Amino acid sequence: MDIDVTRSAEITVVAPRGDLDLAAAEQMKRTLTDVIDGGSRKVLVDLAMVGYIDSSGMGSLVAAMKHARASGGDLRLCALQDDVRAIFEMTRLIKAITIHGSRTEALGAWA
Amino acid sequence: MSAPPPSGTFSMSSEAEHLQRLRQWLRTELERLGVDRPTQAALVLAVGELCANSIEHAYEGRGGEPIHVSVRGFDDRLLIEVEDFGRAFDPARYVEPDLGTVPDHGLGIHLVRRIADSVSIDVRRERGTRWTLVKYRPGHGPAAGSTEGGARSAR
């Protein structure tokens, strides 16, 4: 899967492109771990280009969120498509992770 | 008694890279069977989770092993089977994830059970696991769990 990483002074935006499933989850987790271990304290994952996510993909995001919080930061999500949002609701993860409607909204609210 | 409707079948080998092809096939089948878009998305997720479970746990990451999926549409319900020939799923060892602790693994079977109206597991086989999911069409039911044949219910 293609994963764009855009670093700025305050927030690092990670934007995967494609299906976030078992085949892509390890790459996603590794990318997020590298970003957090590299010193980014605010990590925003933009899911606008992700049309499908499974429990492995969600697990990679949750593990990274826990790692970010343990490192004194946080990981948030934005721009979830309807099918992806439905799965976060089904697992109640929607209550545990801060989710913004769009990247612009997230960057404005979190800066 | 009328003959059962024909089923669509799909076979893949146990590499995660094949899951995307499975999802494409299943969406086409469900569209052909007149399944609405949100139910399609949910069932694609449920079947994907079972196949991922086969890859990760039944075959323990080994590639080249068979996984079969079939779908049949009845007037009142859809019947989906997922079958592997690896290490059998043990319902007695399954523990529901505690969603309050924000788990980062173990959510797959939970999702399957949330999505399907009934889930049964064939535990009488020599090898592997056959999962049978039932999803009732809108206006049909009941949604209460059921078992088929000698299989054990997972809910």
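Predicted model: local features only at pLDDT ≥ 70, side-chain atom pairs only at ≥ 80, totals over all residues.
Residues are numbered from 1 along each chain as its sequence is written, while chains are lettered from A and ligands numbered from 1 in the order in which they are written.

**View 1. Chain A meets chain B.** Here 20 residues of chain A are in contact with 19 residues of chain B; contact means that C-beta atoms, placed from the backbone, lie within 7 Å. On the chain A side, the elements giving two or more residues are α1 (22-37), α2 (55-70) and α3 (82-90). Helices (H or I, at least four residues) and strands (E, at least two) are DSSP runs, numbered from the N terminus. The largest share, seven residues, comes from α2(A). By class, this side of chain A has 10 nonpolar, four polar and six charged residues. Ala, Val, Leu, Ile, Met, Phe, Trp, Tyr, Cys and Pro count as nonpolar, Asp, Glu, Lys and Arg as charged, and the others, Gly among them, as polar.

**View 2. Helix α1 of chain A and its surroundings.** With 16 residues, α1(A) reaches 23 Å from its first C-alpha to its last, close to the 22 Å expected at 1.5 Å a residue; the expected span is 1.5 Å times one less than the number of residues. Its buried residues include A:Leu22, A:Met28, A:Lys29 and A:Ile36. A residue is buried if 20 or more other C-beta atoms lie within 10 Å of its own, exposed if 12 or fewer, and partly exposed in between. The buried residues of α1(A) pack against β1, β2, β3 and α2 of chain A together with α1 and α2 of chain B. Just after the helix, A:Gly39 takes a positive phi of about 110°.

View 3. α1(B) (residues 19-32) has 14 residues. Its buried residues are B:Leu19, B:Leu22, B:Arg23, B:Leu26, B:Glu29 and B:Leu30. They cover an arc of only 130° around the axis, which puts them on the same side of α1(B); the arc is that of the directions from the helix axis to the C-beta atoms. Turned away from this buried side are the exposed residues B:Arg21, B:Gln24, B:Glu31 and B:Arg32. The cover over the buried residues includes α1 of chain A together with β1 (8-13), α2 (37-58) and β2 (66-73) of chain B.

View 4. Strands β3 (residues 42-46) and β4 (residues 74-78) of chain A pair in the parallel sense over five bridges, and A:Asp46 stands opposite A:Cys78 in β4(A).

Notes. Contact = placed C-beta atoms within 7 Å. Pairing = 2+ DSSP bridges.
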